[in-house]
Amino acid sequence: MKQSHFDALVVGAGFGGIYQLHKFVKLGLNTKLIEMAADVGGTWYHNRYPGAMSDSYSMVYRYSWDKDDLVTYPWKNRYVHQPEVLKYLQHVVERHDLRRYMQFNTELTRANYDEVHNRWVVQTSTGDVYTVRYLVTALGILSRINYPDIPGLKSFKGEMYHTGKWPKAHEFRDKRVGVIGNGSTGVQVITALGPEVKSLTSFQRRPQYSVPSGNRALTKEERDDINARYDEIWEFVRNSTMGVGLPEGSRPTMSVSAEEREQVFEDAWQGGNGFRFMFSTFNDIITSEEANEEACKFLRRKIKDTVKDPEKARKLTPTEIFARRPICDSGYFEQFNRSNVDLALLSENPIQTITEKGVLMQDGTHYDLDVLIFATGFDAVDGNWTRTTIKGRGGKSLKEHWDKSGSPTSLLGSFVPDFPNMFMLFGPSSPFGNGPPVLEAQVDFIIDVVQQAEKTSKKQTDSSTTNGVADGALTSRGPVVEALPSSVDAWVQKCESVANGTLFPRLDNWILGKNVPGKTPSVLVWLGGIGQFRKYLQEIAEGGYQTFEPFS
Ligand code: NA7
């Protein structure tokens, strides 16, 4: 066992952790980063399934803080696929010489707050112990994988994979593949594997709406134009709702004629991107039932027009409203025109059990399979924090703290009372939107708060020292950054009120903690947009950080 002290420890080497490390180092803090995977990437390290792609545009699915890199780093297409994201993050780490602070294959197993010394004592899977002043948990919002509660799961004797923990290589030619789950991951994996495998059966509990991604190579002129406008693009992203670099609708759906509405939807369909369809067409698709139904009618018609077999088309057509995380694809519905791709609709014929050889349905049909893929998502948002033992004041764990408050909550997705100097990136109540700009906002704010607290603490130390010697133990403990319970309540109320003003809570999905059996549903994200979120951050800073206990 090795015990070392650092000013700051960052846990996780995804988009958030890498940027947090960079900022701490720039601030002059002695910082270390640990990561349980063998290299950087976070979500993008593990989710290397076929077809994995970010559905925010390439131009904004990256950091905004390195302008030279922004304009010179090569990317070809409108979207970046998983290998490109991984390569980009590796590149950033090399470019900013961050690898030397990183330790891989190292999992945080336990973190305890030591009240006496105002420090965190962190234990890792490698047996090391770190004492640190600041602990940043960038554990990943979509990382703790979720297996379905289907009987017989362990009896399957073929190859079994979860998309969230995909192997470095696979070989499915000549194999019969089953895919359970058809969220954005399932849609991507089905689309990629359809042409590659002997047969593919998609097991769908609830069919999904999906629009074309519109992925294509960008021309040199387009890239030059983006480069010339990068400052403007980021300004726009930071003040927008979803932060995906697309304009957002300003008119209500029913304020235009039926013909114009159709044209707006058609243009969005042709333009591509799920966020465009949901947020750029009109301003009320996710708030007005009537508007939503117009979007649904259009999308259902597109499925009917695309899928040639009427029975497959019927099964693939959602009957629900269009109020889940929007999905886009590179020819998903078209896959079902292939003779080797079919679907089983679980609402009509549920899975009875998984067997040694495949999947047995309630009506007695047995699907013989060589490969079973689970695209069943994640114990999203709080899952990674509750599975790790992080104990704050009084030895209470984060899980116990959240169980007591009834749901996983925080101030701004980062701060939890009783967990001083422990900050989360993309924790519960974080903005729902494009990852990099959300994480940049959170990291920048954490740095501001830390700087402010350090300044306050230094002033107090200076004024209570004689000839540079501290009067008491308290002054040498360093600052305490801790959210006020009342500010968490106020933020959570805001999150709930915005969510309840939308149609999202009507459906079961991970945004509301309704995708994992046994999990208590709650509003896990801020749906009010990145722009509004940043405004709150600014107000808090300008108001003297009164959402926190006075810095000491
Ligand atoms: P999602 O969006 O949570 O989708 C999971 C899928 O798995 C969805 O189709 C679920 O059906 C299905 N599922 C889950 N449990 C079961 C069981 N027990 N039986 C059958 N089907 C099941 O996860 P993704 O990985 O696609 O996407 C998560 C995020 O990652 C996404 O929003 C992006 O931001 C990236 P359901 O719809 O619940 O009926």
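Where is Asn105 found? Let's start there, friends. Asn105 sits in the loop between strand E3 (102–103) and strand E4 (108–114). Keep in mind as we go that this is a predicted model.

Asn105 has a phi near 50°, which is positive, and the residue is not a glycine. For background, most residues other than glycine have a negative phi. Asn273 is another example, with a positive phi of about 105°. You'll find Asn273 in the loop between helix H8 (258–271) and helix H9 (274–280). Its relative accessibility is 1%, so Asn273 counts as buried.

Now let's step back to the whole protein. There are 17 helices and 22 strands. The radius of gyration is 24 Å, close to the 24 Å that the globule rule gives for 552 residues, so the protein is as compact as a globular protein of that length. Its C-alpha atoms fill a box of roughly 85 × 55 × 45 Å along the principal axes. Buried residues make up 58% of the 552. And if we take the contacts with a separation of 6 or more, 71% of them are between residues 24 or more positions apart.

Next, charges. How many salt bridges does the count come to? The count is 35. One of them joins Arg133 and Asp7, with the closest N and O atoms 3.5 Å apart. Arg133 lies in strand E6 (residues 129–137) and Asp7 in strand E1 (residues 3–11), so this pair ties together parts that are 126 residues apart in sequence. Asp7 has 16% relative accessibility, so Asp7 counts as buried.

Arg95 and Asp69 form a salt bridge too, at 3.7 Å between the closest N and O atoms. That pair links helix H4 (residues 82–95), which holds Arg95, to helix H3, which holds Asp69, 26 residues apart. Asp69 is buried at 5% relative accessibility, while Arg95 is partly exposed at 38%.

Let me finish with Arg62, in the loop between helix H2 (43–46) and helix H3 (67–72). Arg62 is buried yet has no salt bridge. Which side chain of opposite charge is nearest to Arg62? That is Asp69, 6.1 Å away. What Arg62 does have is a polar atom of its side chain 2.6 Å from the backbone oxygen of Ser58. Beyond its neighbours within four places in sequence, Arg62 is in contact with several residues, including Phe15, Tyr73, Trp75, Trp234 and Glu440.

Terms used: Residues are numbered from 1 along each chain as its sequence is written. This is a predicted model: local features need pLDDT of at least 70, side-chain atom pairs count only at pLDDT 80 or more; totals for chains, interfaces and linings use all residues. Side-chain values use heavy atoms; hydrogens and water are left out. Helices (H or I, at least four residues) and strands (E, at least two) are DSSP runs, numbered from the N terminus. Buried means under 20% relative accessible area, exposed over 50%, partly exposed in between (1.4 Å probe, protein chains only). Lys and Arg count as positive and Asp and Glu as negative; His and the chain ends are not counted. A salt bridge is a side-chain nitrogen of Lys or Arg within 4 Å of a carboxyl oxygen of Asp or Glu. A polar contact is a pair of N or O atoms within 3.5 Å; within protein, one must be able to donate a hydrogen and the other to accept it, and residues adjacent in sequence count only if both atoms are side-chain atoms. Contact means heavy atoms within 4.5 Å. The radius of gyration is taken over C-alpha atoms; the globule rule is 2.2 Å times the number of residues to the power 0.38.
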